[in-house]
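Here is a brief report on charged side-chain pairs. Have the sequence and the 3D view open as you read.

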Amino acid sequence: SSISGPSIMDLNLLNQQKKTLNAGNPVLKSAYQQLIKSADKSLSYGPVSVMEKKEIPPSGSKHDYMSLAPYHWPDPSKKDGLPYMRKDGETNPEVKLYKDKEYLPTLCEHLLVLSIAHHFSGKDVYAKHAMKLIRVWFLDTATRMNPNMNFGQAIKGVNQGRGAGLIDGRNLIKAVEAVGLLSANKAVSKQEQLAMQQ
């Protein structure tokens with residue numbers, strides 16, 4: 001799929017709503033005020049990066065996304081605690097050492113809010129901050145996430161990552177939508193759009 005334009009968000013509908021808002025529709029005006037309030041909060045978010053996690057993925061690169069299966073704990077009967085054992089409903093605090101799982105959904109949510117706020121307000125400040133967040137997480141060679149989820153939902157001593165780890169990426173669609181909308185509003189360079197697609 002392409003990152004050339006919105007797919008879940010209908011650009012024609014957004015443009016129609018923008019006209020209705022500009023014509024003074026009170027319902028849309030109230031929604032717009034809420035949007036701007038949220039977007040203003042988003043301006044103080046981040047930037048965040050996969051490089052901030054305390055532990056290093058099995059690949060040896062912090063650029064790789066990593067998360068731990070939350071309900072798996074060290075086995076107290078084993079000297080090294082391996083393999084980890086399941087404790088249903090009890091989250092291992094060790095998961096907090098891997099910030100990626102916490103950052104990714106929050107980042108994607110902020111990107112979506114900022115891109116919509118930019119679309120409706122026309123204020124560059126929202127697009128600029130969204131692009132700053134995008135560059136740090138996805139594009140800058142020093143901080144970017146490698147394009148894989150190989151080490152998602154890992155269980156130490158059992159596996160380095162699981163298929164279930166893909167669920168951690170469910171919010172990426174919001175980042176794709178945000179880039180599509182920013183692009184439709186000429187806030188993304190062709191080069192950066194291409195880099196995001198890659």
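## Salt bridges in the model

Lys78 pairs with Asp75 in a salt bridge, and their closest N and O atoms lie 3.3 Å apart. This is a predicted model. Side chains of opposite charge can pair when their charged atoms come close.

How many salt bridges does a search of the whole structure find? The count is seven. Three of them are described here, including the Lys78 pair.

Lys78 is partly exposed, at 37% relative accessibility. Asp75 has a relative accessible area of 13%. Asp75 therefore counts as buried, since the cut-off is under 20%.

Next comes Arg86. Its side chain meets that of Asp88 in a salt bridge, at 2.7 Å from N to O. Is Asp88 buried or exposed? Asp88 is exposed, because its relative accessible area of 59% is over 50%. Arg86 is partly exposed, at 49%.

Glu102 is partly exposed, at 40% relative accessibility. Lys99 is also partly exposed, at 27%.

The distances are set out below.

| Salt bridge | N to O distance |
|---|---|
| Lys78 and Asp75 | 3.3 Å |
| Arg86 and Asp88 | 2.7 Å |

Methods:
Residues numbered from 1 in each chain as written. Predicted model: local features only at pLDDT ≥ 70, side-chain atom pairs only at ≥ 80, totals over all residues. Heavy atoms only, no water. Salt bridge = Lys/Arg side-chain N within 4 Å of Asp/Glu carboxyl O. Buried < 20%, exposed > 50% of the residue type's maximum accessible area, 1.4 Å probe, protein only.
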